[in-house]
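Please keep the sequence and the 3D view at hand while reading.

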Protein chains: 2
Amino acid sequence: MDTENPAFALEREPFTPAEVAGFSGGALAADIRGHGDDRLDLAILLSERPCTAAGTFTRNRMAAAPVRICRDLLNSGVAPRGILVNSGNANACTGARGMKDAMAMQAAAAQAFGLRREEVWVCSTGRIGEPLPMDRICTGIQRLATAVGSTAAFGEAAADAILTSDTCRKVASVTVPLSAGPVRISGMAKGAGMIEPNMATMLAFLTTDAVVEQGLLQSSLGAVVEESFNAITVDGDESTNDTVLLLASGASGVECRSGTEDEMRFREALRRVCRELAARIVGDGERITKVVEILIQEAANDAEARAVARAIGNSLLVKTSWYGNDPNWGRIMDALGYSGARLGEETVTLGYAPAGEGEEVPVFTRGHCHIENKPQWQRMVAEPRFRIVLRLGQGEGTARLLATDLSEGYVDFNKSE
Amino acid sequence: MDTENPAFALEREPFTPAEVAGFSGGALAADIRGHGDDRLDLAILLSERPCTAAGTFTRNRMAAAPVRICRDLLNSGVAPRGILVNSGNANACTGARGMKDAMAMQAAAAQAFGLRREEVWVCSTGRIGEPLPMDRICTGIQRLATAVGSTAAFGEAAADAILTSDTCRKVASVTVPLSAGPVRISGMAKGAGMIEPNMATMLAFLTTDAVVEQGLLQSSLGAVVEESFNAITVDGDESTNDTVLLLASGASGVECRSGTEDEMRFREALRRVCRELAARIVGDGERITKVVEILIQEAANDAEARAVARAIGNSLLVKTSWYGNDPNWGRIMDALGYSGARLGEETVTLGYAPAGEGEEVPVFTRGHCHIENKPQWQRMVAEPRFRIVLRLGQGEGTARLLATDLSEGYVDFNKSE
């Protein structure tokens, strides 16, 4: 989908945290789920030197303990040296004990890796409402410290260790030619269900070896997250643990200065990596069969455009019709109507289009249905990727959302854990 | 569920519009879907004299042509003599032609029944985005006029003719002892999918033979709708055609005056009929296996309590876990957290309770999970009816919502029409 900037060749595989200068990392199986298997579930990302950090987090009011810790660390300006992540348990809705456990994770990792407690940031993902198995986590951290020291090439396991219901690894990297030399940006993410990000998505960890001051790093990340991780939905359930962290090691010695063309290039590269990771999360949505790009134009403002896109992308009736290859545009119009956005039947137009650059076919134009085009809609909607374009005729507001269908498989998959 | 007021014995069957003095009606198969079958799909409700009317309507901005007509008629103070309803086609998103067709329906019925056009109110329900088959509708109206004149006891068919994906008729009646004598309130409703009413639900038609002035009738209906039709959800999709109409014929000669005990009695009886009809809509939700009563207490205000109840009742992950008999309370807490309501993990309590008057079992109390109660939750959640009670510890706000689970059958049923 992202072909507009051939200068940045997006690399999707292979990926190791170590490929960005100044970073290393790894993962192992700590049996956090208690199943006694060897599934990777504990990962560390390390930096040789203190990093500049940026982050965005869930706005869910039941935010997990590790989210609250990272948020506080970011606000207090602490320079991180490492991120410790576990899957299999979200450490959410765990009260005072959860906060104590998250801090104990920090302390154990700090001791094992020779850092200060506040230099180790922690993230968790998995089941909500159960206490962390601290004994197995602490044992895992000890083993991780030994392994990271002795094995150079095991970093790629980290991207696997953060997965839960995902079926595949989600990584992306890019080399950005700045004026003083090239820098790298790499990212890994996880997420397949409970996906309706708001200020951030599930988990995504991004690294760069560029030298970037904190204000610029945060504003770049904030802008980019809006149109990547915050522009996707699988099931409309915003998680308690959404976290995106971006660490800049500065190891390349190449500086990205505010207000320069380098800033635009850096942001564009970061945007490409984040959009790629976000697209992978949607594409790996739980038991989905389709990814639909929803484009809203001519809304009264961007906020209303986003509300329309969300209403459509989260409508059960729209999602099930997509699953059934049914071009049931009436359900799209219904969702549009209850989105809260200002609009009228007499100003709205709707079209279907194939994924990519294919031509849009009109469906509904200001009160008139182009029923003669139905065979074309039917063909498009039967594809695994397509696009719907809605123009509201109200103003300049736009939005783009990647959404999925809803299958019987999703219900079956989530009916029990 | 409604046992609190034994003075009003709620009657669920049989039901005919004619049982309320001054009303008659009927229905027949007009083949609106074009399937050539004999499914009832065109109904008329008639009053011997001009009625006082009250109504509430969808707030969907793509409101169907008949909704806009009824809304205008209500605002202009016209006294209706009849309501003509078709199922099988919503006459929504049909532009200028849809409005012309709806007015032609009015005109045809007015001529057939000897009324003025504005005395015939029209409602439609069914597929969105297709023009009405006006030839078959007009033929149907002619036949209806002949039939209503010749058959006294065919009124009960009307409650069947308004159904779409419903599996059963939804009716309720009550006799209310006012100070000057008894009056009747009767209602019929339809709805099973696209159920997330906002100011009204799918279709419900209520009649009474009481003498009630319009302001009192409208305020009574408005109050009652909030806690009945506006307090249910099946799939979170607010329809383009939601309409509730209440007609008072005055045929009993018994007046219900504002500010009297009669007003309270009348409103209570109306409330019981509407809650019964709303409960039947939820209970007939498309391919559901459970109805869950969500009680929110101690919210900062009622609006936030309602937002919490909706977030939980419409969460795909919560609904699928109910379907799987999984007491996955973490998903409830997640939905609570993104509802937008003010709250904190340290003030929230959650309990499960059996339907009816059974005792609540604590699940989560201000950061602590009562895991020892898990066997009891599991038993409750496996039942077809149960209740969840959430106290937010913020204030006096409350809400009650009836919600359903989400099954593979719902997806299968809605994947194509």
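## Basis of the model

This is a predicted model, in which local features need pLDDT of at least 70 and side-chain atom pairs count only at pLDDT 80 or more, while totals for chains, interfaces and linings use all residues. Residues are numbered from 1 along each chain as its sequence is written, chains are lettered from A and ligands numbered from 1 in the order in which they are written, and side-chain values use heavy atoms, with hydrogens and water left out.

## Helix α7 of chain A

Helix α7 of chain A covers residues 302-313. Helices (H or I, at least four residues) and strands (E, at least two) are DSSP runs, numbered from the N terminus. The expected span of a helix is 1.5 Å times one less than its number of residues. For the 12 residues of this helix that gives 16 Å, and the end C-alpha atoms are 16 Å apart, which agrees.

The buried residues of α7(A) are A:E304, A:A305, A:V308, A:A309, A:R310, A:A311, A:I312 and A:G313. Buried means under 20% relative accessible area, exposed over 50%, and partly exposed in between (1.4 Å probe, protein chains only). The cover over these buried residues includes strands β10 (291-299), β14 (385-391) and β15 (397-404), together with helices α8 (316-323) and α9 (329-338), of chain A.

## Where chains A and B meet

In the interface, 54 residues of chain A are in contact with 54 residues of chain B; contact means heavy atoms within 4.5 Å. The two chains bury about 4700 Å² between them, 55% of it on carbon and sulfur atoms. Buried area is the accessible area (1.4 Å probe) that two parts lose on being put together, summed over both.

Four salt bridges are found across this interface, where a salt bridge is a side-chain nitrogen of Lys or Arg within 4 Å of a carboxyl oxygen of Asp or Glu. A:R68 forms a salt bridge with B:E345, and their closest N and O atoms are 3.2 Å apart. There are 26 residue pairs in polar contact between chain A and chain B, both residues at pLDDT 80 or more. A polar contact is a pair of N or O atoms within 3.5 Å; within protein, one must be able to donate a hydrogen and the other to accept it, and residues adjacent in sequence count only if both atoms are side-chain atoms. On the side of chain A that touches chain B, the elements giving two or more residues are α8, α9 and α11 (408-414) of chain A. Of these, α9(A) gives the most, with eight residues.

## Salt bridges within the chains

Over all chains, the structure holds 40 salt bridges. In chain A, the side chains of A:R391 and A:E360 meet in one of them (2.8 Å, N to O). A:R391 is in strand β14 of chain A and A:E360 in the loop between β11 (349-354) and β12 (361-365) of chain A, 31 residues apart. In chain B, B:E360 and B:R391 also meet in a salt bridge (2.9 Å, N to O). Elsewhere in chain A, A:E227, A:E268, A:R271 and A:R275 are linked in a network of salt bridges.

Which residue does B:E304 meet in a salt bridge? The partner is B:R342 (2.6 Å, N to O). B:E304 lies in helix α7 of chain B and B:R342 in the loop between α9 (329-338) and β11 (349-354) of chain B, so the pair ties together parts that are 38 residues apart in sequence. B:E304 counts as buried at 13% relative accessibility, whereas B:R342 is partly exposed at 41%. Beyond its neighbours within four places in sequence, B:E304 is in contact with B:A299, B:A341 and B:R342.

## Two loop residues with positive phi

Most residues other than glycine have a negative phi. A:D31 has a positive phi, near 55°, and lies in the loop between β1 (23-28) and β2 (42-47) of chain A. A:D31 counts as buried, at 17% relative accessibility.

B:C93 also has a positive phi near 55°. B:C93 is found in the loop between β4 (82-89) and α2 (95-113) of chain B, and B:C93 counts as buried at 2% relative accessibility.
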